[in-house]
Structure formats: C-alpha cells, structure tokens
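Me: I'm new to this structure and would like a close look at one part of it. Could you walk me through the charged side chains and where they sit?

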Amino acid sequence: MTQSAEPPSRRLEDLGLDERIVSMLRENWGIEELFPPQAEALPHALSGRNVMLTIPTASGKSLVAYLAIVHRLISDLEGARALYVVPLKALATEKVAELREIASAVGLRVGLAIGDRGSETGMIEEADILVCTSEKLDSLLRTRSEMMDRVGIVVSDEFHLLHDPGRGPTLEVLLSRIRHRRPEAQIIALSATVGNATEMAEWLDSELIVSDWRPVTLRYGILTGLDAKVHRVDGSGEEVVPESRELEGKTTRPLQAVLQDTIQNGGQLLVFVSSRASAQKEARELSKHIRRMLIEGSHDFDDGIVERWGDIADRLDGSGDSSATVGSLESSLRGGVAFHHAGLTSKHRNIVEDSFRSGDLYCVVATPTLAQGVNLPARTVVVRDYRRWSAAAGTTMPLPVLEILQMMGRAGRPKYDDVGEAWLLAKSRDEESHLVDLYLHGEPEEVTSKLANPNALRAEEDPALLTHVLSMVATGGTADRDALGKFFSKTFLATQLDSESLAARIDDVVSWLTSNGMIDRLGESDEVRARILEEPSVEQSEDWEDELPSWVGSASEVTGLDVASEPNRGYGERPRRGPPIFGFRKASVHDSYEADPPESPSMAYNATPLGKRVAQLYLNPISGRIIRDGLGRAMATLTGEDDYGQVSPLSLLHLVSCTPDFLPLWPRKGDYDAIQAALHGHEREFLTEAVDLDEERRMKGVLVLQSWTEETRVEHVERDWGVQPGDLRGRVELAEWLLYATRRILAEDEKLSSMDRNAHRTLVEAVDEIHRRVRYGCKADLLGLVALRGVGRSRARQMVDLLGVSNAADVAALTERDIQKLSDLRGWSPQLVDGVVTTAGRAVRRGSR
C-alpha cells in the first residue's frame, strides 16, 4: 500500500488532465475536487501503473478508471483501445452511459458488448472504449483474437468477484490471457474490501490503494426489537458513534418501524431478505403499511404520489408477461413498495430500479443479488436475514462478511444524504453481540481462485479448468504442454496451489480432452524442445512433503463420465412401433480413461474440429461431448442402425437439458407424477441420460420448455409448474443457445453427414425447427409469422385463427377486408397492421432475389 508524507492534492487542475475533461466534470457532474482515495490513486493510474483500488461503495472508484482511460487514450496511448469489464449486463449499461458522457468531451467512442445482437458488431469494431461482461469478452477473444492487438488499458470492475464460482474463473483467465498476450497493458482493478487485498494486488503487480473513507457517513448498527444501536461509523474519520435510540412502532414489526422512520426523514429504504418468497411477503406487508399511513395522515406525502405508483404498476401490465408474480408486484407497487429478485424478468427489474432511482418508490425488498453491482443506493438499508439455506450443508449458513458489507454499503445516497444507516436485525442481545463481532467488527473473507475445484477427484469435476484449457489450445495459441504450463502458472490459481498439483490437474484435463475427442496429441515437438532449451533455467529448492494432496491418490480411480453407454432402453429392448422421427413439421461422455503419466513438456496439441467448435460456441466441453454423442444416436436412429429409438422435439429438448450448461429446475411435490410419467413414457426418445443422474430436475426443465413451445401462457407456466417469469426466460435463453450450438455441431460434422446425407439434412431441419420454436415460444405452424417485426406468438396465433395465413407471402397479400378485421382485434391497430404488412412485403422481396 502506498504511503505518503502529506496527502496528495485533490485539485482537478493538478492532475494534468485535458481542459475539456476538467470542464465536463465541473459543468456536467458538479465535481470541484477529488475524494481523498481518488487523489491517492489517480497519480498512479494516470501514469500507467497497474492499480488495485479497494474502497467503499459510492466512494468514486469508477471515476478513477474513467479518467485514466480517457486521459491515456488521448495522450500516450493514442490509437489504442480500452476495455471496461463488468460482471452484469445491467452494470454494463450503466457504465456505458457514464463513459459516453465523459469520452464524448474528447472525441472518443464507447461501445457495448453484452449479448449476441448484430447491432453490437459495428460498435465493437469502432469503439475506442469497449464496455463488456467478462463472458462476452472471453467469447469475442475466442473468435477474434486480433481484438487483443490494440488493447492498452483494462478495467476490471467488481474485481472481488474473482471468488465467485460462476463468474470468477472466466474473469481470472481473461485477465491472465490479456497479461500473457499484452504484458504492457495497464490493469485497473476496482474491488470491495477483501481479506487478502495485498495478495491480489501482488498477482496483478499493482499499486494497492485501500481506504474506508466515504463521502456519506455510514452508521452500521443492530436493530434488536425497536432498539437501534450503532456500533461502527465510517466516513471522513471524524465521526462519533451516536447514542442508541428507540424507533416508534410495534416490536413485532421492526421493518415497518424502520420504513416509517426513513420516510419521515425524507429517505428511501432497501431491505435484504434471503428468499424470493420473503421478498414478496415483506413487500406486500410494507405496501399495506404505507397505505395505512396515507389513510391515517401520519405523513405528509407528495401530491400525486399515488397516481405515480399506479402509473408504474400499469407499466407492468403493458410488458406482456402477466403472471402471479407480476400481479403480486403490481399490488405492492400501488403502495409505493416493490420486490426485486431473479424470478422477475429483466424488464420488470428495470422498471423497479428506475422507479426507485427516480424517488417514486419508498422501499425495495430484495434478495442479495441486488447488491452485486447494480447502483441502487438508499438512505437506509436493513439486512433482515444473515443466514441462507445451503443445500450442501443441509441447513442454513451465515452469509459471508463480504456479502453482508456489500449490502450494508448501499446505505447513504451521495448528493442527497449526509448520513446513511445500515441495520442488521437481531432477536436478542446475545445475537446482537454475535452479529457485531462477526460482521461489524469482523474481517472480510479472503478471495480464493475458483478456476479449479479443490475437491475434484476427476477431470470432469473441474469444469472451469476443462473449459479454459480447451479454449487456450483451440483459440489461445497455446498448443503445447510447456506453453500451457507457463500460461496457467501466471493465473491467480497458481498463487494458491503448488506447482506440482497444478501440473497434475492440467495433465488430467488434457487426458480427458484427448479421450473425448476435443484435442489430439501430435507427439513431442523438436521446435518446442528447442524453445525450452533456449530458456534460462530457474533453480528451485526442493520442497518434500510426506503426503500428496488427497485427490492425487485417486488418480488410478478416474472413471470419466460414462454417458457413452446407451440410454436405458426398457420394454425388453423391443423394436419401436412407428417412424424413426416424428413431431416435426418437415419430416456419456466417452469411455473411461486411465490416468496418463505426466505429459512431456514438449508434447504438442491440436484442437479437433469438435474441440474448436465447442470452444468457439462457448460450451462446457462436457456439454459438447454429450451433444455430439446424442446427435450420433439420433443419426443411428434415422439411418436404421438403431431400430429402437425415435427422435422427436422432446428428444432434442431433453438432450440439451441434460448438459451441465443447462440449469435444471427443482420439482415441487405436485410435479413428480408428471415428471415420472414423462421419464417412463418417452424412454425411446431419449438421446442421453442426465449427466449428474438428477433426472427429475432436468426432466422438469424439459417439460417446462415443452409447455413454452406449445404456446402455454407465462401465467399458466407459473401456475402449473411454479416457475416464475424470470426463471422461465432464463431457461428459454439457455435452451435457445444450446440448440443453436447443437445445430452448428451437427451441420459442421463431416462424420455425421457422411452416414446418410438425407438423414443428416432431416436432422438439421429438425434441430433448426425446435430451436426456432424455443426462441419464439410457439408451435411449428407459426414459424412463418413470428419472425416478422411486431408479430409475437400471440398475434401470430390470432392471424392464423382469423385469416388462415401461414407465412410472409400470405401476410403481404392480405386484402383490405382482412386488414380491417385484424385492426379491429384487441392489441392491434391500423398502424401496426400496416407495419406488419410492409415488413412482410420486404421479406418476400428479399426472398425472391
């Protein structure tokens, strides 16, 4: 950590920034001087040094990154490109808006890359500053490695998420890949307070700036009953701990008391609970409390506030995703309160977030995911639940200190509040003392690498390492064992795992990838051997240990994923009755492998066509193997080699749902009869078995997707299966991506196509059909209509039922009478019909060229 005899200057003029930037900061953002942590960090950042900045939420981390980017891109890095990497799409959108405002002052262009939309392509190519999620950037680098050539500065926002099992490995490999390919590129890491910041900064070879200074004083306390006692204060360093105070209200309703106190002091409240059900219940009760306050006149509410709540609720009605969950949200909103969790669609969450930011809502009750980056500060924060259910432990477990502090750190709105208050709820004085010691005076956890599973006994239990080793061989230009070892020795994992254990893990992964047709061993390379001999040797002291890591002892027991065996046939292996493929409008992973001896450093590799496709499609290699084997079985069925199985839309939904890339759904008690009936009634159609043997959870995912493709309404999916709109949308997007990958693997596999060209073409068409049905949520007869702009599945069904049309040509040929009939339907208008007819005409003309 940098130490200085006197504090650095906080004056903008002393930084050497372009005058246009200084003017923009003053005139547009009202910034006259820097915060102390910013003043400490910026001299290092502007000079090109790597910097890790660990300061509280709302203390100005992002501005340090913004200024470093724009300053360097118009000075010593002119012509280079900056990457701003974030964990969430919502956070990316927020950062793009801010960066465009400051970058436009000096003529720099900002692009956004968070999805697969074609409109992003031009932005990616032309942008001087590219804001992206780590997953999207990793995907881009796999298919466009030349993107790395201009990179001069990289910002990693929410850097502490390196410890997240889902996002951490990709972020870690991404930063390692950039440092490997562009060692001169500057890295700026923005992080919450963590327990091993020094270790993380050393990995990045960066200056470490740590501070608990805050622009808005934050009081951390415990609410026991109605007794509110502050135990810690963060701010400028001159604050004192205030006396405890008693809130007004019922002892049994502490959240209502906090809400009323917050409203009367002109603030907003964020409440964090552990479950979606709790979020909806508390939002409902707090909404009722505000409505009682309105009736009783206990607070002078703004004129027109009730109408604004009604307008917000009405916006949900217009979103087209009606369901019980949305109805519950709508009811809460009419009392000035909302809930926020992953069961809502992104559209609904955005409505809640925007309404809270604008000050129209008094309270949001959320699950902890809201604290992971979305900028939604409030005057007061309450963490109701500090324990969360753990399936692994079979009980509730305390939340990490880091997570609790992230939630509490949302208290205090810059420019609006002088003080923010964050409370943990306690049921007794003993629990209060425990919470103070654990969270308010405790140290946050250390961040550990999630690139390797510490409990893995087999390579397939290390999916992150499998994925990224394949990526480096297939798309990263790391095509021999020595190069792989050198690359992974520079990861954060290598700082926490001894070199022999890391080498053994990589060897295991290479063996799996070889056994499963992802990479080929080309033999020992004289060129690689010569390169190794030319490198200076590094003498290392021997570090003998009596015991090897536990997982090494089981190397001889590695069995691989035994999914290559035929699916459970049943029925006494009787031949099928009926066609080999039906239900369409138009017609394990490999055997066990023995653990190999250590790889020779000069061993060279080449990704197979399947390995390259899997890496470029961003698939888990295990998913890729399962899909390829399932397609092989489908082809065997269509060519007559297999006279037992059948291929149907359900076959393909089941295939992609059985991959580790698909998130299964927990069955409810009432779901099991339907699930068991499907498992035993469709055995002939299964192309694989669930990789984790969790058949029931994955079969529920299949049946929910099937309901979606049969045009079941969103509210009926929730009623029948208990799947909320956000979960449905998430599974649909996953299935759409996996079916797209399935089509690509099938279409480009020469071995499969050579089995029988006609059968191969039939299967390609079948995969394409179910892919489009999942995308649009419709039956096959609507596919000629749903792709037209302005026509979703509901309107397409109306057009078929009313007019009998089936494709764009039919729509383009509608008569005036037909157009009038359509215009008179609810949800249609003359302008909309004209637009659809015009779009259809263009589609027909394009198709005839």
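What follows is a walk through the charged side chains, with a stop at one helix on the way.

Reply: Happy to. Keep in mind that this is a predicted model.

Let's start on the surface. Lys 250, Arg 253, Lys 281 and Arg 292 gather there in a patch of positive charge. To find Arg 253, look in the loop between strand S10 (245-246) and helix H9 (254-264). With a relative accessible area of 43%, Arg 253 is partly exposed.

Among the buried ones are Pro 254, Leu 255, Gln 256 and Asp 261. Just after H9 comes Gly 266, which takes a positive phi of about 75 degrees.

Now for the salt bridges. How many does the count come to? It comes to 59 salt bridges, and a few of them are worth a visit.

Take Arg 384 and Asp 385. They form a salt bridge in which the closest N and O atoms are 2.9 Å apart. Asp 385 has 15% relative accessibility, so it counts as buried. Arg 384 comes in at 22%, so it counts as partly exposed.

Another pair sits in a helix. The side chains of Arg 429 and Glu 432 meet in a salt bridge, at 2.7 Å from N to O. Both residues belong to helix H15 (residues 429-440), where they are three residues apart, about one turn of the helix. Is each partner buried or partly exposed? Arg 429, at 47% relative accessibility, counts as partly exposed, while Glu 432, at 5%, counts as buried.

Then there's Lys 700, whose side chain meets that of Asp 671 in a salt bridge, 2.8 Å from N to O. Lys 700 lies in helix H24 (residues 695-709) and Asp 671 in the loop between helix H22 (649-657) and helix H23 (672-681), so the pair ties together parts that are 29 residues apart in sequence. Lys 700 is buried, and so is Asp 671. Elsewhere, salt bridges that share partners join Arg 219, Arg 245, Asp 261, Arg 379 and Glu 421 into one network.

What about a buried charge without a salt bridge? Glu 353 is an example: it is buried yet has no salt bridge. The nearest side chain of opposite charge is Arg 357, 4.1 Å away. A salt bridge here needs a side-chain nitrogen of Lys or Arg within 4 Å of a carboxyl oxygen of Asp or Glu. You'll find Glu 353 in helix H13 (residues 346-357). Leaving aside residues up to four places away in sequence, Glu 353 touches His 340, Val 374 and Leu 376.

Glu 158 has a positive phi of about 55 degrees although it is not a glycine. Its place is the loop between strand S5 (151-156) and helix H7 (168-181), and with a relative accessible area of 12%, Glu 158 is buried. Asp 205, also not a glycine, has a positive phi of about 55 degrees. Look for Asp 205 in the loop between helix H8 (197-204) and strand S7 (207-210).

Conventions. Residues numbered from 1 in each chain as written. Predicted model: local features only at pLDDT ≥ 70, side-chain atom pairs only at ≥ 80, totals over all residues. Heavy atoms only, no water. Patch = residues over 30% accessible without salt bridge, like charges linked within 9 Å, V, L, I, M, F, W, Y side chains within 5 Å. Areas by Shrake-Rupley, 256 points an atom, 1.4 Å probe, with all protein chains shown as cover. Lys, Arg positive; Asp, Glu negative; His and termini not counted. Charge placed at Lys NZ, Arg CZ, Asp CG, Glu CD. Helix = DSSP H or I, 4+ residues; strand = E, 2+ residues; numbered from the N terminus. Buried < 20%, exposed > 50% of the residue type's maximum accessible area, 1.4 Å probe, protein only. Contact = heavy atoms within 4.5 Å.
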